[in-house]
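Opening the notebook on a new structure today. I'll start with the overall picture and then zoom in on a couple of spots.

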Amino acid sequence: MSGDRFGARMLTGLVLLLVGCGGGDGPATEEQAEPASPETGAPAGEREATSLLGGPLHRPLLDPEVRVRREEQLAEARAELEANPESADALIWVGRRLAYLGRYRDAIQTYTQGVASHPDDARLYRHRGHRYITVRELDRAVADFRRAVELIRGQPDQVEPDGQPNARGIPTSTLQSNIWYHLGLAHYLKGDLAEAADAYLEGMKVANNPDMQVAMSHWLYMTHRLRGMEEEAARLLEPIHASMDIIENQAYHELLLLYKGERAPEDLLRPDEAASSSNSATRYGVGNWYLYNGREAEALAVLRSLLEERDQWAGFGFIAAEAE
């Protein structure tokens with residue numbers, strides 16, 4: 001981590017978090033048995049990654065109906081690729097469908113094959129970089145996104161279709177906004193906060209709807225606060241308001257309203273809400289807000305509870321909690 005990330009006053013608390021997560025037994029190690037499914041008692045899926053705390057991360061178990069639907073979507077994507085083997089679009093969709101099944105390593109391999117045959121297609125680096133973040137290979141993620149940045153320079157932006165459409169069926173992100181967003185995140189997770197800020201500032205230039213605006217603003221705000229740049233962070237909140245038309249990034253919107261003083265932490269930490277990637281993002285945001293406001297005990301409690309939700313390990317909030 002960069003030296004500008006945490007003051008010396010936080011070191012003891014953060015060490016306690018690292019050794020105390022996982023129910024008090026310490027982080028899982030490679031030698032420990034595979035975790036069991038809470039529903040069936042069966043072993044979880046194959047190992048996909050190693051956490052930033054050193055433990056194994058296994059392929060998530062999906063609801064049977066969800067798995068069947070996603071397997072069907074993968075089969076359709078593979079059929080399209082077989083019919084059009086030279087199509088970068090078809091190959092990208094195979095990678096995306098693999099990732100939606102938790103098969104992140106297979107997705108990375110698919111994108112790598114695509115890079116070999118389409119070395120100048122920024123989309124392949126964007127998607128592979130995303131999955132390198134998922135499996136905690138952050139240096140490789142940064143390299144992919146930097147290559148993608150080179151390829152989009154001077155090019156028109158393009159809407160990125162959703163693999164799992166939102167309720168309105170309206171895509172909210174673009175290729176360029178996703179490249180900058182994920183590059184910023186990779187730097188943030190590495191503790192390279194100046195580089196993260198630069199990426200998010202570039203991303204703000206192509207965040208052309210409220211959903212992408214709040215996504216970029218959330219991570220940039222936290223980056224500013226962790227760097228002690230409180231005035232810049234406050235200015236970032238000026239255009240944020242409760243009536244913004246948010247389609248899918250409600251968690252980031254609510255967090256920004258918290259940062260603005262229009263929400264309380266307990267408004268966001270709803271214990272009855274089902275675990276999800278958005279819930280993980282919320283808890284990380286609240287935990288981090290406690291952290292840089294000097295409320296260390298509350299920060300540790302929230303971040304520790306987040307890290308106990310092992311089935312949410314692919315979520316950005318979970319990865320960021322590991323990084324802390």
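This is a predicted model: local features need pLDDT of at least 70, side-chain atom pairs count only at pLDDT 80 or more; totals for chains, interfaces and linings use all residues.

How many helices and strands does the secondary structure of the protein chain come to? I get 15 helices and 2 strands.

Whole chain next. I looked up burial and found that buried residues make up 53% of the 324 residues in the protein chain. The accessible surface comes to about 14800 Å², and carbon and sulfur atoms hold 49% of that surface. I also checked the contacts with a separation of 6 or more: 60% of them join residues 24 or more positions apart.

Then the strands. Strand 1 covers residues 47-50 and strand 2 covers residues 56-58. They pair in the antiparallel sense, over 3 bridges. Within that pairing, I see alanine 49 standing opposite leucine 57 of strand 2. The two strands form a hairpin with 5 residues between them, and in the turn I noted glycine 54, which has a positive phi of about 100°.

Last stop, tyrosine 290. I placed this residue in helix 13, which runs over residues 277-292. Buried or exposed, by its relative accessible area? Tyrosine 290 has a relative accessible area of 8%, which is under the 20% cut-off, so I call it buried. Leaving out residues up to four places away in sequence, I find that tyrosine 290 touches Pro265, Arg295, Glu298, Ala299 and Val302. I followed up on proline 265: it sits 25 residues from tyrosine 290 along the chain, and their C-alpha atoms are separated by 8.9 Å.

Note on methods. Residues are numbered from 1 along each chain as its sequence is written. Side-chain values use heavy atoms; hydrogens and water are left out. Helices (H or I, at least four residues) and strands (E, at least two) are DSSP runs, numbered from the N terminus. Buried means under 20% relative accessible area, exposed over 50%, partly exposed in between (1.4 Å probe, protein chains only). Contact means heavy atoms within 4.5 Å. Two strands pair if DSSP finds at least two bridges between them. Accessible areas come from the Shrake-Rupley method with a 1.4 Å probe; for residues, only the protein chains shown count as cover.
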